[in-house]
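The tour moves from stop to stop, with a selection at each.

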Amino acid sequence: MEKNENNSAGLEKQKEYISMLEDILYLRAGGQKPKAFVHTYGCQQNVSDSEKIKGMLVEMGCELTEEKEDADIILFNTCAVREHAEDRVFGNVGALKALKKKKPSLLIGLCGCMMEQEHIAQRIYKSFPYVGLVFGTHVIHKFPELLYKAVTGGKRLVERGYDDGLVYEGLPVHRDGSFKGWLPIMYGCDNFCTYCIVPHVRGRERSRRPEVILSEARQMVNAGYKDITLLGQNVNSYGKWLDGDTDFADLLKSVADIEGDFWVRFMTSHPKDASRKLIDTMAENPKICNHLHLPFQSGSSRVLTRMNRRYTREAYIEIAEYAKSKIPDLSLTSDVIVGFPGETEEEFEETLSLIREVEFTSLFTFIYSPRVGTPAAKFDDPVTHAEKAARMDRLLRTQEEIAARRCAGMVGKRYRVLVEEQAREGVLNARTQNNIVVELNEPSELIGSFCDVEITEARNWILRGKRI
Ligand code: SAH
Ligand code: SF4
Ligand code: F3S
């Protein structure tokens, strides 16, 4: 069976809940437009889910607010990937107690990856009696029904813990940005890296159909989006369960072929499935950004085996070198874990040497965090936290030198950039298609448009440029 049946009958029911909620929420807010505050933790997948939740809230007549204090509904969309992320959620939920006391009609809801862990859902239920709604990642499409039951049922509601493996199309989306946007192409993950909670909380991998993705991409381009990121935990295995033979490289090319002036990028790629075809496709299509986020996690093949990553150090370097040779100005970025259980000094040094050899533009660096229910949480871990922190320091210093050298090498060169935001008074942040930030002294009217710049100065890894 294809894994992306569209349960449209189910969604019709949700529309009925949305229209009933319009009146109910209006009255609960004291005869005013209800205000909803949605805060997102974690990765772009969660950001994208929040955009659906916001889409549904807007259809219920809510106004979105950035101020918790004004809100009638507060939702935290949570992340479980590391302990630190979870601690922040617990802290911030604790801080909501006073708000609930002041406004008893306030509806506090928690959703997202943390809620798919039994022990976390239980802890929330016990420790935070003022949380009225808890729901997991698999039932986002039922949010209207859940909210309806939570506000009319008079008791707390928890809905989580199952994965029907289906893809639900047709939910409204309220995008946070007006020229940069996320476009999910698949959900879930089947890789089960031994440290990672994502497959446990996001369920099995499933792809959206190419025609729905292309139609959404076309709508985005028509609406003026200039920078579209295709999203998935492992985009390289796109299409595995679909009828038809569109693979990720084909999909990427079809998006790039849409008429219009825009860039398309993607994340995340798993090195075990990164194909030469994908890299050739990037090289041949000017609209596909010369940016490859290819997490290596560790430079030691022994550690990679213990992580169940299913590639070796050598295979990683080979595909990275192929990409660099095919794509001029390629920006390679990566994720790396320091202090995986049992990582020896020698194994850590292999990570340092891989960083020096590949020369990444930037790195997302994490100290290993044990996750309940994952195999690595039971591995022997004799290395102290202090030692891991010291390794992290060495890694950061190594990368800073490489980034500074790379940035210095860009001075005098010309790039097309997308102007993104006001960095501070008189200074705008723009981004090259290979994902490097350039500061410009230009008027804010340029935000959201492309322009050509020359890099004039590099201070460490911050670039300044001027318009040409
Ligand atoms: N699907 C993506 C990664 C998603 S999680 C991929 O496979 O590349 C983002 C990053 O968080 C991972 O790449 C990894 O570096 C880090 N991470 C995941 N679990 C972790 C853990 N238990 N401790 C520390 N870092 C972790
Ligand atoms: Fe986690 Fe590995 Fe899946 Fe990435 S590929 S989400 S690191 S299990
Ligand atoms: Fe976190 Fe869930 Fe993403 S665990 S990293 S928000 S998929």
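**Ligand 3.** The shell holds Gly42, Cys43, Asn46, Cys79, Ala80, Val81, Cys113, Arg202 and Gln233. A residue belongs there if one of its heavy atoms lies within 4 Å of the molecule. By class, this shell has 5 nonpolar, 3 polar and 1 charged residues. Here Ala, Val, Leu, Ile, Met, Phe, Trp, Tyr, Cys and Pro count as nonpolar, Asp, Glu, Lys and Arg as charged, and the others, Gly among them, as polar.

**Ground rules.** This is a predicted model, in which local features need pLDDT of at least 70 and side-chain atom pairs count only at pLDDT 80 or more, while totals for chains, interfaces and linings use all residues. Residues are numbered from 1 along each chain as its sequence is written, chains are lettered from A and ligands numbered from 1 in the order in which they are written, and side-chain values use heavy atoms, with hydrogens and water left out.

**Domains.** Colour the chain by domain. The assignment, automatic or from a database, gives domain 1 (9–159), domain 2 (177–288), domain 3 (290–408) and domain 4 (414–467). The centres of domain 1 and domain 4, taken over C-alpha atoms, are 37 Å apart.

**Ligand 1.** Which domains give residues to the shell around ligand 1? Domain 2 and domain 3 both do, so ligand 1 lies between them. It has 15 residues around it, and the closest are Arg82, Gln233, Gln297, Asp335 and Ser369. The shell divides into 7 nonpolar, 4 polar and 4 charged residues.

Now show its polar contacts (pairs of N or O atoms within 3.5 Å; within protein, one must be able to donate a hydrogen and the other to accept it, and residues adjacent in sequence count only if both atoms are side-chain atoms). 
- The side chain of Arg82 places an N or O atom 2.9 Å from an oxygen atom of ligand 1.
- Tyr195 has a backbone N or O atom 3.0 Å from a nitrogen atom of ligand 1.
- Ser369 has a backbone N or O atom 2.8 Å from a nitrogen atom of ligand 1.

On its own, ligand 1 has 540 Å² of accessible area, and the protein covers 90% of that. Areas come from the Shrake-Rupley method with a 1.4 Å probe; for residues, only the protein chains shown count as cover. Two or more residues of the shell come from each of β13 (331–338) and β14 (362–367). Helices (H or I, at least four residues) and strands (E, at least two) are DSSP runs, numbered from the N terminus.

**Ligand 2.** Select ligand 2 next. Its shell includes Cys189, Phe192, Cys193, Tyr195, Cys196, Gln233 and Arg309. The classes are 7 nonpolar, 3 polar and 1 charged.

Most residues other than glycine have a negative phi, and most peptide bonds are trans. Phe192 is not a glycine, yet its phi is positive, about 50°. Find Phe192 in the loop between β8 (186–187) and α7 (198–202). Then go to Met267 and Thr268: the peptide bond between them is cis, with omega near 5°. Thr268 sits in the loop between β11 (263–267) and α10 (276–284).

**The sheet.** Show strands β1 to β6. They form an open sheet in the order β2-β1-β3-β4-β5-β6, with parallel pairing. β2 (63–64) and β6 (157–159) are the edges, each with a single partner strand, so one side of each has no neighbour in the sheet. Strands pair if DSSP finds at least two bridges between them.

**Last stop.** Select Gln433, in the loop between β16 (427–432) and β17 (437–440). A polar atom of the Gln433 side chain lies 2.7 Å from the backbone nitrogen of Asn290.
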